[in-house]
Amino acid sequence: MSTEIIIHRDDIVKEGYLVKQSKIMKEWRRRWFVLTPQYLCSFKTQGENRNPTEAIRLRECQTVKSADEDTGKENSFRVDTPGRVFLLIADTTADKESWIGHIGRQMVRPTVLTDAEYA
């Protein structure tokens with residue numbers, strides 16, 4: 001990634017462990033995820049705040065939705081971007097729904113704020 005991403009504690013909307021499918025090998029790996037108003041980032045360990053292993057720019061996301069049928073695994077969801085579909089698994093159904101809700105709200109937030117400014 002060309003630009004360094006550093007997460008500031010004040011910017012964190014939600015954080016916690018999720019299991020993600022790796023890009024090349026399609027292996028499932030447990031990672032610490034941090035959601036900010038701009039990015040969904042993954043880190044190898046909890047407490048890291050710079051140089052994420054993945055950084056999904058939320059304004060490029062097209063959808064976030066349940067993916068149990070896509071993966072054959074419970075509590076899974078997907079984040080679709082133009083270049084890639086990210087498959088993630090939460091520990092519980094409640095956690096999955098929470099992640100989907102928080103990510104979805106961050107995806108629509110800039111548009112809502114822009115519309116409100118001109119209303």
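I will start with lysine 26, which is partly exposed at a relative accessible area of 49%. The cut-offs here are under 20% relative accessible area for buried, over 50% for exposed, and partly exposed in between, with a 1.4 Å probe and protein chains only.

A word on the source. This is a predicted model, in which local features need pLDDT of at least 70 and side-chain atom pairs count only at pLDDT 80 or more, while totals for chains, interfaces and linings use all residues. Residues are numbered from 1 along each chain as its sequence is written, and side-chain values use heavy atoms, with hydrogens and water left out.

Back to lysine 26. It is not a glycine, yet its phi is positive, at about 60°. Where does lysine 26 sit? It sits in the loop between strand E1 (14-21) and E2; strands are DSSP runs of E with at least two residues, helices are runs of H or I with at least four, and both are numbered from the N terminus. E1 and E2 make a hairpin with six residues between the strands.

Asparagine 75 also has a positive phi, about 65°, and is not a glycine. For reference, most residues other than glycine have a negative phi. Asparagine 75 belongs to the loop between helix H1 (68-71) and E6, and with a relative accessible area of 10% it counts as buried.

Now the sheet. It is open, has seven strands in the order E4-E3-E2-E1-E7-E6-E5, and its pairing is antiparallel. Two strands count as paired if DSSP finds at least two bridges between them. At the edges are strand E4 (54-57) and strand E5 (63-66), each pairing on one side only.

Going through some of the pairs, E1 and E2 are joined by eight bridges, and lysine 20 stands opposite arginine 29 in E2. Between E2 and E3 there are four bridges, with leucine 35 partnered by leucine 40 in E3. Those two strands form a hairpin as well, with three residues between them. E3 and E4 are joined by four bridges, and tyrosine 39 has arginine 57 as its partner in E4.

E3 also holds serine 42. Is serine 42 buried or exposed? Its relative accessibility is 0%, so it is buried. Its side chain makes a polar contact of 2.6 Å with the side chain of threonine 53. That term means a pair of N or O atoms within 3.5 Å; within protein, one must be able to donate a hydrogen and the other to accept it, and residues adjacent in sequence count only if both atoms are side-chain atoms.

Next, the nonpolar cores, defined as sets of buried Ala, Val, Leu, Ile, Met, Phe, Trp, Tyr and Cys residues joined through side-chain atoms within 4.5 Å. The largest has 17 residues, and Leu40, Phe77, Val79, Trp99 and Ile103 have the most contacts inside it. Its largest share, four residues, comes from H2. A second, separate core of eight residues includes Trp32, Val34, Cys41 and Ala55.

Last, the cysteines. Cysteine 41 is buried at 0%, and cysteine 61 is buried at 11%.
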